Amino acid sequence: MTALPDVTAVREAVADVLADRCTPAVLEDAERDGWAPGVWDPLHAGGFTTVGVPEDAGGAGGSMAEACAILEEVGAAAAPVPLAETGLLAGRLLAHAALALPDGPLTTGAGPVALRHGALAGRLERVAWARRAHRIVLLADDPGGSLVVAVVDPAAASITPGRNLAGEPRDAVHLDGVVPETLAPAPPDAREALARRGALARAALIAGAAHRVRDLTVAYTGERVQFGRPVSRFPAVADHLVRLAEQAEMAAMAARAAAVGAGEHGEPGALDAAAASAVASEAAGLVAAAAHQATGAMGVTREFALGVLTRRLWSWRDEWGGERAWATRLGRTLAAAGPDALWPTLSRGVGTSG
């Protein structure tokens, strides 16, 4: 099995940037305004927004494991910025099409979009930060049946604002008649590769948020005293803490293993991405439930950070497929290989699934 790389330095660097910037006031303003420039700007200036995009494509370079380590810290801080969309999703989509990487926040979405007579037709649903993105990078079907990468100025599209449960922008983008700024052929597997990266990115965000939820819950239940002892010592609460810790660690292991399996410049494998998404998405719900059970009414108050994180867990677990879709794909892939291939597939570790 491939050893997990040491990404401690990049984790600590991002944590330092976010430490004093994702305050309750900043997060509340971001839910209202749909943007947090005081969080985005230092991350972008430090090159963290394009880690995982090759340097020769205009990115900061770095491996998939480093990019996902950054996303874990973003998830832990509940940072309201499109870091996953700018780097791993739109950035790598551009790199694979040999297109220049624009400056500023980027986003992308999945959906049926066609290119006809030089203009786009179709609509993307629930696009992260579409109204705040500098450019939208998407895949479209051309008349010949091939895929193309299209770069769109959001100002040229019609955008209907929306948001997820965490207050993050999730907008509908109407593209009928929009002429892309740039077009380039996309690899035949670009749509599947984008879906896998989207699933892995959400798994990494979930893993980071889940670890932060664990830390907050353990601290609170250790300090809260009832009947002369910390509530963490009551068996019912202790059971919640154990379940929370187990699920948080499972989410992190699944996301990190899939990231390592992608290698330095590769893509997450089909089984790795499916497993990461299925495990992390299930863990998100279990972690949130256990944390709120352990903290009681305090967990839903605005002065306690728990609710900010659990609302993200509930939101992220359903994006880019979610548990049911990826678990179904995982099961079908394993079943199609037959019973003799099951154990070898599970035991050979990351980095070998296609």
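**Entry 1: ground rules.** I start with a definition: helices (H or I, at least four residues) and strands (E, at least two) are DSSP runs, numbered from the N terminus. The model is predicted, so I note that local features need pLDDT of at least 70 and side-chain atom pairs count only at pLDDT 80 or more, while totals for chains, interfaces and linings use all residues. Residues are numbered from 1 along each chain as its sequence is written, and side-chain values use heavy atoms, with hydrogens and water left out.

**Entry 2: Ser-277.** I found Ser-277 in helix α8, which covers residues 270–295. Is Ser-277 buried or exposed? Ser-277 counts as buried because its relative accessibility is 3%. My cut-offs: buried means under 20% relative accessible area, exposed over 50%, and partly exposed in between, with a 1.4 Å probe and protein chains only. Next I looked up contacts, meaning heavy atoms within 4.5 Å. With neighbours within four places in sequence left aside, Ser-277 touches Ala-199, Ala-203, Gly-322, Glu-323 and Trp-326.

**Entry 3: Leu-139.** I moved to strand β4 (residues 135–141), where Leu-139 sits. Leu-139 has 6% relative accessibility, so I wrote it down as buried. Which residues is Leu-139 in contact with, leaving aside its neighbours within four places in sequence? I listed Leu-93, Val-113, Leu-147, Val-148, Val-149, Ala-186, Ala-190, Arg-191 and Leu-194. I also checked a distance: the C-alpha atoms of Leu-139 and Glu-125 are 14 Å apart, and the two residues are 14 residues apart along the chain.

**Entry 4: Trp-316.** Trp-316 belongs to helix α9. Its relative accessible area is 3%, so Trp-316 is buried. Leaving aside neighbours within four places in sequence, I see Trp-316 in contact with Gly-75, Glu-168, Arg-170, Arg-202, Leu-205, Ile-206 and Ala-209. Between the C-alpha atoms of Trp-316 and Ala-254 I noted 16 Å, for a separation of 62 residues along the chain.

**Entry 5: the largest pocket.** First, the terms. On a 1 Å grid over the protein atoms alone, a cavity is a set of points where a 1.4 Å probe fits but cannot get out; a pocket is an open set with protein on both sides within 12 Å along at least five of seven lines; lining residues have an atom within 4 Å of a point. Grid points are joined across faces, edges and corners, and a volume is the space filled by probe spheres set on the points.

The largest pocket has a volume of about 700 Å³. I counted 33 lining residues, and Ala-76, Ala-77, Arg-212, Ala-305 and Leu-309 are the closest to its centre. Two or more lining residues come from each of α1 (8–18), α2 (24–33), α4 (64–77), α6 (190–223) and α9 (306–316). Which element gives the largest share? That is α6, with six residues. I sorted the lining into 15 nonpolar, six polar and 12 charged residues. In this sorting, Ala, Val, Leu, Ile, Met, Phe, Trp, Tyr, Cys and Pro are nonpolar, Asp, Glu, Lys and Arg are charged, and the others, Gly among them, are polar.

**Entry 6: the cavities.** How many cavities of 30 Å³ or more does a search of the whole structure find? I got three. The largest cavity holds about 80 Å³ of space. Its lining has 14 residues, with Val-74, Val-81, Glu-85, Trp-129 and Leu-205 the closest to the centre. Helix α5 gives the most to this lining, three residues. The lining of the largest cavity has 10 nonpolar, no polar and four charged residues.

The second largest cavity has about 60 Å³ of space. Among the residues lining it are Phe-48, Thr-49, Ile-70 and Leu-88. Here α5 supplies the largest share, four residues. This time I sorted eight nonpolar, two polar and no charged residues.

**Entry 7: the whole chain.** I end with the overall view. The protein chain has 11 helices and 10 strands, and 54% of its 354 residues count as buried. Its C-alpha atoms fill a box of roughly 75 × 55 × 35 Å along the principal axes. Of the contacts with a separation of 6 or more, 73% join residues 24 or more positions apart.
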